Amino acid sequence: MSGGVDSSVAAALCQQAGHEVTGMMLRAWSEPGCEDANRCCSPQAMTLARRAAAALDIPFYVIDAQAIFYETVVRHFLAEYTAGRTPNPCLVCNRLVRWEFLLEHALEMGAEMLATGHYVRLGLDGEGRHLLLRGTDHGKDQSYVLHRLTQEKLHRSLFPVGELTKPQVRVLAEKFNLPAAGQADSQDLCFLAGGDYRAFIRRHAPQAAQPGRITDRQGQVLGMHTGLVDYTIGQRKGLGLPSGVPLYVLAKDAAANTLIVGVGEELGAGVCTVNDLHWIAGEPPAGSFRARVKTRYTAQFAAAEVTLGEGGATAEVRFEGRVRAVTPGQAAVFYAGEVVLGGGTIVG
């Protein structure tokens, strides 16, 4: 339970279904002095979660996850930006904090399942294996950030709001008299506490924000950048370069501390390589296969042919057309219709 409307309604629906429910809230790491602004575990969020648990008359516990959150999520975030990549911390948090650390605590307390307010659905294939499916509300679907869950973890999971739309969840929150019924959604990274990620990185990993050269693909120096952390793939504004045509960020070379830019025709990728692969079924589809691919959480689907490398450790993703802002460090997640097949990390 986070204090938000989705997890509060999930708890209520579990109770309505006849489950014995216990509320658990993670206390994640916050930058010293910013604890009150961490949207996942601020005093206000804790108060809302406690009030929701009280309204449902269920036990409620706060689990201290500060150390593991910092070691697994924050350190990874800083290391990836230092290497010139752009990570998605929610992927790491869901895999190692929620479905490892929190699930283990729940099982030790005697629980059998972990229910969350994520907008995803579960199913079974013809062989009895668990399927992870997109949430009914495609605008809120969170299957991208859960694509690394294993069969064992899915067996222990419940997603009570996955079949619902966000408006339906808010109606239920009012029906259950939950305090978060009218609470607005937050899209910020929790540990940034509402701050700018670039300023956070400058404070904690200044080596990732050193000025350097801006060049084109041919290596011609066009200007200076203020630190690779200040730029994203596909960015146009804020480059500070005199040019008669619009220029875009094409790539980052962290080893040379160089930002590479080019014209719109150079932007986008027709193919990318993915490693650190994970498959929901426990094994990949045979050979090469067609899939719909998301290259970041907010990206549109792109049709592609996915071909596994030797040994299955990597995959080549060949898109039907050029896809903008394919960014190393982000995940490429493969779908067959509504079903999540798996995914991996974009390396180039």
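Let's start at Ala-52. Ala-52 sits in helix α2, which covers residues 43-56. One thing to keep in mind as we go: this is a predicted model.

Is Ala-52 buried or exposed? Ala-52 is buried, because its relative accessible area is 0% and buried means under 20%. What does Ala-52 touch, leaving aside residues up to four places away in sequence? Met-1, Ser-8, Leu-178 and Pro-179. Now look at Leu-122. Ala-52 and Leu-122 are 70 residues apart along the chain, and their C-alpha atoms are separated by 25 Å.

Next, a pair of helices. Find α3, residues 66-82, and α7, residues 197-204. Their axes come within 11 Å. They cross at roughly 95°. Angles of 65 to 115 degrees count as roughly perpendicular, and therefore α3 and α7 are roughly perpendicular to each other.

Which residues make the contact? On the α3 side, Val-74, Phe-77, Leu-78 and Tyr-81. On the α7 side, Tyr-197, Phe-200, Ile-201 and His-204. Sort the residues of this contact by class, and you get seven nonpolar and one polar. None is charged.

Now to empty space. Rolling a probe the size of a water molecule over the atoms shows where such space is left. Take the second largest pocket. Its volume is about 390 Å³. How many residues line the second largest pocket? There are 25. The closest to its centre are Ile-233, Leu-250, Ala-251, Val-326 and Pro-328.

Which elements give two or more residues to that lining? Three strands do: β9 at 248-253, β11 at 269-279 and β14 at 314-323. By class, the lining of this pocket has 14 nonpolar residues, five polar and six charged.

Two of those strands lead us to some backbone angles. Begin with β9. Asn-257 lies in the loop between β9 and β10, and β10 spans 258-262. What is phi of Asn-257 near? It is near 50°. That is a positive value, in a residue other than glycine.

Then β11. Asp-276 has its place in this strand. Asp-276 is not a glycine, and yet its phi is positive, at about 50°. How accessible is Asp-276? Its relative accessibility is 41%. Exposed means over 50%, and buried means under 20%, so Asp-276 counts as partly exposed.

Notes
Residues numbered from 1 in each chain as written. Predicted model: local features only at pLDDT ≥ 70, side-chain atom pairs only at ≥ 80, totals over all residues. Heavy atoms only, no water. 1 Å grid on protein atoms, 1.4 Å probe; cavity = no way out; pocket = protein on both sides within 12 Å on 5 of 7 lines; lining within 4 Å. Points joined across faces, edges and corners; volume = space filled by probe spheres on them. Helix = DSSP H or I, 4+ residues; strand = E, 2+ residues; numbered from the N terminus. Nonpolar A, V, L, I, M, F, W, Y, C, P; charged D, E, K, R; others polar. Buried < 20%, exposed > 50% of the residue type's maximum accessible area, 1.4 Å probe, protein only. Contact = heavy atoms within 4.5 Å. Axes fitted to C-alpha atoms, helices over the stretch in contact; angles between N-to-C directions. Parallel < 35°, antiparallel > 145°, perpendicular 65-115°, else oblique.
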